[in-house]
Structures are given as structure tokens and as C-alpha cells.
Amino acid sequence: MANLVNTRELTRKWLLRTPALVRARLGITKKRKVKKPSAGTGLRYRIKFQIRTRQKSGIVVRDLVIVFIIFAVMLVLTSVLDMHGSFEAASLELKGSPVQYDEIIVALAVTAAALSAFAVRRWRELETEIDERLGVEDALSESEERYRTLAEADQDFIFILGRDGHIRYVNSYAARQLEMPPARIVGQPAEEILPAGLAGKDRLDLMHVFDEAQPLRLETSAVFDGREAWLSTALVPVFNEEGKVGSVLGIARDITERKLAEDELRRAHDILEETVAQRTAELERVNETLKNELEQKRKAEEKLRAANRALRASTASHHALLDAVAEPELLRDICRVVVEVGGYRFAWVGFAENDAEKTIRPVASAGYEKGFLESVRMSWADASPGQGPGGEAIRTGEPSVVRDIDQDRGYFSWRRQARRRSYASTVALPLKANGETFGVLNIYAAQKDAFDDEEVKLLGDMAGDLSYGLGALKTKGERDNQAVALKRSGEQLSLLLESLPIIFYKSKADSDFGVQYVSDNVRVLAGYTPDQIVADSSFWVDRIHPDDAPRIFEDQGEVFDGGLHEHEYRWRTAGGAYK
């Protein structure tokens with residue numbers, strides 16, 4: 001019985017306290033300090049907050065309705081207890097029921113307590129949401145005020161347009177530029193108030209921002225007070241509470257000075273580009289001129305080197321000609337000089353044979369030959385083997401030049417062998433005597449285009465000197481042969497004279513008529529030596545008989561007049577007798 005009384009009292013106290021708690025939750029409570037969201041939270045946060053607040057408010061109301069229903073049931077049961085005075089009396093009324101009053105009351109009390117706890121928790125969350133909303137609204141209000149202040153102080157065109165194209169806001173700077181108060185501007189169509197191009201090139205730009213919900217930046221020109229100005233305009237979508245684009249914020253900045261500076265910079269850049277192009281063209285011309293001059297200088301140097309090379313070879317060949325004593329030696333020395341002094345790769349001399357094939361017979365060579373003359377067949381005939389430079393030089397009597405052996409068609413028959421020995425160019429110089437070509441001097445170089453006109457001329461002069469030297473050696477040989485024959489004849493004549501009783505002598509044609517020569521048989525016939533007679537110019541005259549001397553001297557004039565005179569006189573011998 002005591003337990004039932006305690007349960008009843010506890011239940012009565014809880015039922016009395018629960019409405020107080022609920023009433024306290026519904027009353028004014030101490031606000032918590034809520035951190036205000038930043039102004040950048042924006043309209044999207046406000047929309048989500050309102051939706052979430054509505055949902056939680058509905059849940060809290062539903063919980064409170066259920067709690068009040070439970071309270072009503074519990075009050076009814078409590079009234080029943082007051083009527084019967086005890087749980088036992090009430091239980092007698094429900095004797096046939098499996099559920100007793102005390103169990104029902106306890107269950108309802110627990111359910112009401114749980115629902116009250118949930119309702120209180122949700123109400124606290126709702127209170128927090130409300131505090132946050134107040135903070136957001138304050139922050140938004142401060143932000144709007146701050147941005148409005150910035151917009152009013154800014155020196156840019158700032159305006160807001162609705163979807164219908166009407167102006168909803170303009171800042172003070174824009175109003176001053178339009179020379180109208182903001183009150184007259186707001187609500188008017190933008191096309192009638194704003195200068196053309198300020199809000200885009202046309203209405204399509206504005207509608208693009210509404211439809212795509214994306215910012216748009218463009219540069220346009222507009223006219224203010226008859227002055228054309230360039231504007232950089234940014235059109236930014238502004239969202240409403242439903243998350244849709246409700247208006248467009250426009251910010252237009254005057255960039256005329258920047259445009260003018262850019263135009264001036266562009267003109268300066270164009271001028272600079274043109275100047276650079278001109279200077280580049282001039283430099284290219286100068287470089288081309290310099291390149292040509294360097295090329296000409298290089299060619300001139302190459303010609304000079306070639307001329308010096310040919311000149312050195314020609315000079316050295318002169319020494320070889322002066323020192324030559326025989327034809328084979330001279331030919332070998334000339335070929336050696338061409339290679340060693342002239343710096344050419346190979347040189348050889350060939351004589352033109354008058355056989356059936358008109359062969360060119362090699363007689364001397366020097367340099368890198370390596371079997372070249374044995375591997376090729378040379379001819380000066382007007383046929384295939386004779387189409388080379390050597391054959392052409394012999395046939396025409398003029399130098400024949402092959403500047404590029406790899407490309408010259410006439411050198412096809414000997415090209416393979418020439419390549420193996422690194423012959424790149426060649427010249428054939430004719431050797432002449434008495435107007436007839438009897439041979440050829442062939443010179444090979446390891447460089448292409450090695451023989452220019454000046455070099456060929458110098459080498460041609462050297463070939464002419466060689467021809468002269470060969471002719472001189474041949475003439476010298478003939479003279480030597482004649483001298484030998486003359487000497488042999490003289491010896492034979494001397495033997496003949498010595499065997500005859502006649503003295504031969506030669507005297508001067510001047511006054512003393514001194515003897516210059518006397519035959520050796522004077523020893524036998526007169527007893528004198530030839531040296532005795534030649535040494536003394538009056539030796540012969542002093543020994544003429546005194547009776548014959550006047551006549552002899554008188555008849556000397558007939559010798560000069562007629563060229564031949566015979567006379568007889570007596571001449572004293574070494575023994576003193578006259579003969």
C-alpha cells in the first residue's frame with residue numbers, strides 16, 4: 001500500500017512539472033552566443049536555413065501535440081484515481097482486464113518523459129537555428145551595407161538590372177555621369193537610360209547571363225556627352241531566394257585611357273616591328289654582302305694559293321731545267337717538283353706514239369700512283385679511249401681540264417680507278433715542239449675545282465718550259481754528236497796534214513801579221529815547235545828571206561781584195577838554211 005502511495009505522489013509531481021518544462025521551452029530563454037556566419041555565406045545559405053528550420057519546426061510541433069495528448073490521458077487517469085481513492089478500488093473496476101491502472105500510468109509517464117526529452121532536444125536545435133539565422137541576417141545586413149557603401153564610393157558604373165531589362169539600382173557615380181538622380185533612373189528601361197554598350201553589346205548579352213547563370217565579361221564602346229569611351233563591363237548573376245537568377249549586377253569601368261595607351265603601345269610596337277624588320281633586312285643584306293665578300297675572298301685566296309702552288313712548281317721546274325743533263329732525268333724531276341713543291345697528288349708525262357692505236361706512252365711519274373698507269377689505257381685517237389683529257393690535249397694542242405672527276409662524262413672510263421686514289425680533278429697540258437704536240441703533262445689534285453684559269457695558265461707555261469727544255473736537250477745532244485764527229489774529222493785531217501810536206505798556218509790580218517795557228521808538221525819541216533811560232537807575233541815575218549820580204553808585204557793587199565793569192569818566198573829553218 002505504501003509503494004502505491006509513493007508511486008502516485010511521484011506521478012502527480014512529474015505530471016505537474018512536465019507542463020512547466022514545456023512552458024519554459026515555449027517561453028523566452030537566455031540566448032546563446034552564436035558565431036555569425038561570414039557575409040560570404042550569401043543567399044544560398046539563407047535559403048537552406050529556412051528550409052531546414054521549417055522541417056524541424058514541424059517535427060517539434062508534432063512531438064508537442066503527442067505529449068499533450070499523453071498528458072490529457074494521464075490527467076483523465078489521475079481523475080479516476082481521485083474518484084476511487086486508491087489504485088485498489090480502481091483495479092476492482094477492471095478486474096476482468098489484464099492491464100492495471102498503475103501499469104498504464106507508469107507506461108504513459110515513461111512515454112511522455114521520452115517524448116518530452118526528444119521535443120526539448122529538437123526545440124534546442126530549433127533555437128540554435130533561429131540564433132544562427134539572426135546572426136546570418138545581421139551579417140548579411142552588415143555586408144549589404146558595407147557593399148552598398150563601397151558601391152556608392154566606387155568610381156565605376158554599378159547597376160542592377162531585372163530580367164525585364166529595367167534598372168533596379170544605380171550607384172552615385174553612375175547617376176552623376178548620367179546627370180540624373182537615382183530615383184529617376186531606378187525603374188526605367190536600361191535601353192532608354194544607359195548609354196549603348198554599357199550593359200553589353202545588345203540585349204542578348206544580358207539574357208545570356210540570365211539563362212546561363214554565368215558571369216560575362218566584355219569590352220564595349222559607349223558615348224558620354226559626345227565623347228566615345230571604352231568600357232570593361234562585368235555582368236554577374238544575382239540569385240533570389242529560390243536559387244534562380246533574379247537580377248544581374250553590372251560593373252562597368254572606363255578603360256579609355258588604358259585603351260589609348262594600348263593603341264599607342266600597339267602603334268609603337270608596330271613601328272618597332274617595322275623598324276626591326278627593316279634593320280633585320282638591312283642586316284641580312286649586310287650579312288649577304290659580307291658573305292659574298294667572304295666567299296669572293298675565299299675564292300681569291302684559293303686562286304692565290306693555286307697560283308702560288310703553280311708558280312712554285314714552275315719556279316722549281318726552271319731549276320730542274322737548268323740542272324738537267326738528260327731527258328729521262330728532266331722528266332722525272334719535273335713530275336717530282338709538281339708533286340712535292342706544287343702540292344698536287346699525282347703527275348705523269350706521256351709521249352704520243354704514232355702506232356695504230358695512237359697510244360700515250362708514260363715515260364715519267366711522281367706522287368700517289370699505286371698502279372694507276374697500269375690499270376688504265378691511254379690514247380690520243382679520236383675514239384673512246386682518246387676522249388680523256390690527255391688525248392684531247394694532244395689532239396687539240398690546248399690544255400684540257402676536268403674540274404670534277406665524279407661528274408665529268410668524258411672521264412667515265414677512268415673514274416673508278418681515280419676514285420680509289422682520291423683524284424678529284426685533273427688537267428692535261430700539251431708538250432709541243434716546232435708547232436707539233438709530241439706529249440702531255442698530266443697533273444691530278446685531291447680537291448674539286450682545283451684548276452682555275454690562272455693556275456692552268458701558269459702550269460701551261462711550265463709545260464711550255466718543259467717542252468723547250470726537252471728540245472734544248474735534244475739539240476744539245478745533236479751538237480754533241482756533231483762535235484764528236486768534227487773532232488774525229490779533225491784528227492783524221494791532222495794525220496793527213498802531218499803526212500804531207502806542207503806547213504799550214506793562220507795569221508792575223510793586221511800590221512804584224514802574227515801567226516795564230518801552225519800545223520804540227522812544222523817540227524819536221526822547219527825544226528820549230530808550234531808554240532814558238534805562236535808565242536812571238538813577228539816570229540814568222542822575221543824569218544822570211546830579206547830579198548823576198550818587200551814583195552811579200554806588197555802582195556798582201558791582193559789577199560784582202562781578191563780573197564785568194566798565191567806567192568812563193570824563202571823561209572829560214574831552225575838550222576839556218578832557207579827553204
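**Aromatic pairs and cavities**

Tyr-423 is buried, at a relative accessible area of 3%. The model is a predicted one.

Me: Is Tyr-444 buried or exposed?
Reply: Buried means under 20% relative accessible area. Tyr-444 has a relative accessibility of 2%, so Tyr-444 counts as buried.

Me: How many aromatic pairs does the structure hold?
Reply: A pair of aromatic rings is described by the distance of the centres and the angle of the planes. Counted in this model, the aromatic pairs number 12.

Me: What kind of aromatic pair do Tyr-344 and Phe-451 form?
Reply: The ring centres of Tyr-344 and Phe-451 are 5.7 Å apart, with 10 degrees between the planes. Planes under 30 degrees apart count as stacked. The pair of Tyr-344 and Phe-451 is therefore stacked.

Me: How many residues apart in sequence are the parts that this pair ties together?
Reply: Tyr-344 is in the loop between α10 (327–340) and β6 (346–352). Phe-451 is in the loop between β10 (436–445) and α14 (453–498). Both residues are buried. Because of these two positions, the pair ties together parts whose separation in residues is 107.

Me: What kind of aromatic pair do Tyr-423 and Tyr-444 form?
Reply: Their centres lie 4.8 Å apart and their planes are at 35 degrees. Planes under 30 degrees apart count as stacked, over 60 as edge-to-face and the rest as tilted. The pair of Tyr-423 and Tyr-444 is therefore tilted.

Me: Where do Tyr-423 and Tyr-444 lie in the chain?
Reply: The two residues are 21 residues apart, and their pair links distant parts of the chain. Together with Phe-346 and Phe-372 they form one aromatic cluster. Tyr-423 lies in the loop between α13 (412–420) and β9 (425–433), and Tyr-444 in strand β10.

Me: Over the ring of which residue does the charged end of Arg-345 sit?
Reply: Arg-543 lies over the face of Phe-539, at 3.5 Å from the ring centre. For Arg-345, the charged end is 4.3 Å from the centre of a ring, that of Tyr-368.

Me: Which element gives the most to the lining of the largest cavity?
Reply: The structure has four cavities of 30 Å³ or more, and the largest has a volume of about 90 Å³. Among the 13 residues of its lining, Met-378, Gly-388, Pro-389, Gly-390 and Gly-391 are the closest to its centre. The element that gives the most, with three residues, is α12.

Me: How many residues in the lining of the largest cavity are nonpolar?
Reply: The lining has no charged residues and five polar ones. The nonpolar residues number eight.

Conventions. Residues are numbered from 1 along each chain as its sequence is written. This is a predicted model: local features need pLDDT of at least 70, side-chain atom pairs count only at pLDDT 80 or more; totals for chains, interfaces and linings use all residues. Side-chain values use heavy atoms; hydrogens and water are left out. Rings of Phe, Tyr and Trp (its six-membered ring) pair if their centres lie within 6.5 Å; planes under 30 degrees apart count as stacked, over 60 as edge-to-face and the rest as tilted. Helices (H or I, at least four residues) and strands (E, at least two) are DSSP runs, numbered from the N terminus. Buried means under 20% relative accessible area, exposed over 50%, partly exposed in between (1.4 Å probe, protein chains only). A charge sits over a ring if NZ of Lys or CZ of Arg is within 6 Å of the ring centre and within 35 degrees of the ring normal. On a 1 Å grid over the protein atoms alone, a cavity is a set of points where a 1.4 Å probe fits but cannot get out, and a pocket is an open set with protein on both sides within 12 Å along at least five of seven lines; lining residues have an atom within 4 Å of a point. Grid points are joined across faces, edges and corners, and a volume is the space filled by probe spheres set on the points. Ala, Val, Leu, Ile, Met, Phe, Trp, Tyr, Cys and Pro count as nonpolar, Asp, Glu, Lys and Arg as charged, and the others, Gly among them, as polar.
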